[in-house]
Amino acid sequence: MNEDRISEILKKARQKEERPAKGAASSRLAALKAFFAQFKTPSGLSYIAEKKDDTGIDPRVVAYYAPNSPVSEQYRILRTHLFASKPEAPPKTVILTSSQAGEGKTLTAINLAVTLARDSHKNVLLIDADLRKGQINKIMNLPLEVGLAGVLSGNSEIDGVIQKSRISGLSVIASGTKPSNPAELLGQAKMKELLNYLKGSYDHLILDVPPLISVTDGQVLAPLAEGIILVIKAESTRLEVIQHAQFLIQQAKGKVIGYVLSNVEYHIPEYIHKYL
Amino acid sequence: MPITQMKVSLKDYVQVIFRRRWLFIIPFITVFATATLGSFLLPRVYHSYTTILVTEERIISPLIGDLAVSTAVKERLNALTEEILSWNSLVELVKKVGLAEKVKSQPEFENLLLGIRKKVKVDMKGHDIIQISYLGENPRQVQQVAAVLTNIFIERNIQSITEEASSAIQFIENQLAIYKKKLEGSERALKEFKEKYQAELPGELNVNLGRLVDFQSELLKVNLDLEDAMRTKRLLERQLSGEEQIVIAEVTRIQNPLVAQLTEHLVGLKMQLNTLMVDARETHPLVQELRREIDDIETQITLEKEKTISEETSALNPVYQELEQQFRTVELKIDSLESRQQALKALEEDYQARVQSIPAQEQQLAELTRDTRVNEGIYSMLLQRLEAAKISQRLETSEKGTKFKVLNEARLSLKPIKPNKIKISFLGLFVGTLLGFAAVFVREFTDHSISSIEDAKVLLDLPVLASIPRIFTPREIQSQRLKQGLLLTVVGLIFFAIIVVVILSKILT
């Protein structure tokens, strides 16, 4: 079972985390630090995005900055499950969306794309289909002006908007300048043609799509992807909302492969969790 | 997510608590700190009490146990508690202790009394120990009130015992007067009745019956005599009618021989008749036949006599005279018998009535006797009780009666009994914890969001592909630390405040 594997990996990850803490407690100060460290927030498996490097990529792109962290491990698990969902023909075009805004879909899309490009050595294209509030360019430290909106409105050529990222194997199409009619643009046949064209040149197309409930963009794009991953913000998104979003995808004849639970917090401190 | 929908383990509960720690911490600290601080700020209440041993003389009491005037200590206690808490007692208390010095208006005074009433407690400790306690904020005053209350209690108790006995005696005396009158009345009625029906009372029944029988047999005898006399009278009448008053003294003639013959026969017949008449009636056929024969013969004699011419000389008939003499005697006898008969009849009727009237009188007598007896009984019982009441009055007021011994004088309380700070703090701790848990679980049950893979597994129909831990930015870490720091500061401040209050309260006392 997927979940069983996840928890197994999580357990291993915990054990890995503990070891260096014990090893570091060589001096008294270090021991004291280690002791207090366990009381510090965030605890357990949470990741602290510290500083940008010279690429200017947002520190939250964990798959890039800390490929060995438990968080990156989770992206790897996501990748594995994605392939496992259809082993003979893994989905090429994948949409990452959510029910509401701010659930973490953009970060998940970026981290998934980074993992696919870096670890699996695939040719990955990350498309920011959120024409309203596209953020991929900001996070990846790329210019916004040239992007998908331009291509769909006929102002730019497709080859002109694909930007190479600092990560090998990962190309990005930004959202571009915000248009006045994003849903109409995305609904054009041109979008489908564009995706079909891009599928020829890349192993995977990862689309970051606006939230389903607030705007129709997601429903418009849903049938174009082979699989849709619904990002759920833990302790925040209500069940009814998720069910409604799923219903909207079904209505649009899209296919949900599964969910990604984001922003998961492990509230029980390590020193207690050990005994449970 | 509602945790009821899943298999719940201890870990899940711990998870819930940690996830919603703020919801727990805030009510917990609020309640606990309020209770702890409050316990120091609450007014101190001091307690003073007296214990009184009540002894009742056990040896004598059983004698009067079932009489009207003995009351148990416990029963009396209820009445006394009420009495102590009565308006008059409290006013007396307030005056003696001087509690109303600052009171200006009547409503204020009434509130003061109501307040005292609530703070006084009368308790039974075992069956013969009474504790009177008083609570208040001024220890010296509390002691004073407890002492005065005890005095009032004992005074009132002794007074009430005496009053009880006196009122019982008074009551019995009243009743005695009433029953004395009743008894006298019924005795008088009985006496009058007996005088009125002296000869008809049940005891006289045999005498009367005997007399009645005597009279009746005598009457019978008189009747018989009377009838006898009447018969003799009738016979004499007839004989007289058959005799001439004047008879021919001398008849010179040649006697018709037939006449002599007939006369002879007639005499024979008459003698026969007379013999018969002794015990036969007129209607007897033999008598009738004899009479007829006599009549015939007499007719023949008359006819034969006419045939003879005779010369006669008249003279008084001696037979006639003798018969007449006899007749008069019989008539006199009849008269006397008749009057005797009358008298006897009257007597018989009288006695008959006497004998018949006895049951009614008997009943009346029974009623009168019963009334008298009942009144007598009640009167003598009341007399007994009066004596018993007098005894118990003497007993109660004497040394052998109920005694009150103060075992514990009211003492000056040095430590307040309230507020119990530790108890209140623990209560605050307990209630705070409970409230915190309640808040956490209420929130948990009403929260419909997905919080873990386990939730998602149960509630969603598609697989969870990954569970990404929260990625913190340095700014988020900072704000979280700020939040924690703030909490620590608040907690620290609260404890500091508690310590300050404790120290201040120590200094003030």
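Modeller: Gladly! Keep in mind that this is a predicted model.

Biologist: What span should helix α12 of chain A have, at 1.5 Å a residue?

Modeller: Helix α12 of chain A covers residues 239-251, and its 13 residues should span 18 Å. The C-alpha atoms at its ends are 18 Å apart, which agrees.

Biologist: Which residues of α12(A) are buried, and which are exposed?

Modeller: Here is the general idea. An α-helix has 3.6 residues a turn, so residues three or four places apart point the same way. In α12(A), the buried residues are Val241(A), Ile242(A), Ala245(A), Gln246(A) and Ile249(A). They lie on the same side of α12(A) because they cover an arc of only 135° around the axis. On the other side, Glu240(A), Phe247(A), Gln250(A) and Gln251(A) are exposed.

Biologist: What covers the buried residues of α12(A)?

Modeller: The cover includes two strands of chain A, β7 (227-233) and β8 (256-264). Strand β8(A) also runs parallel to β7(B), joined to it by four bridges. Leu261(A), for instance, stands opposite Ser467(B) in β7(B).

Biologist: How many residues of chain B are in contact with chain A?

Modeller: 33 residues of chain B are in contact with 46 residues of chain A. On the chain B side, 19 are nonpolar, nine polar and five charged.

Biologist: And helix α6 of chain B: how many of its 14 residues are buried?

Modeller: The number buried is one, so α6(B) lies largely in the open.

Definitions and conventions: Residues are numbered from 1 along each chain as its sequence is written. Chains are lettered from A and ligands numbered from 1 in the order in which they are written. This is a predicted model: local features need pLDDT of at least 70, side-chain atom pairs count only at pLDDT 80 or more; totals for chains, interfaces and linings use all residues. The expected span of a helix is 1.5 Å times one less than its number of residues. A residue is buried if 20 or more other C-beta atoms lie within 10 Å of its own, exposed if 12 or fewer, and partly exposed in between; C-beta atoms are placed from the backbone. The arc is that of the directions from the helix axis to the C-beta atoms. Two residues are in contact if their C-beta atoms, placed from the backbone, lie within 7 Å. Ala, Val, Leu, Ile, Met, Phe, Trp, Tyr, Cys and Pro count as nonpolar, Asp, Glu, Lys and Arg as charged, and the others, Gly among them, as polar. Two strands pair if DSSP finds at least two bridges between them.
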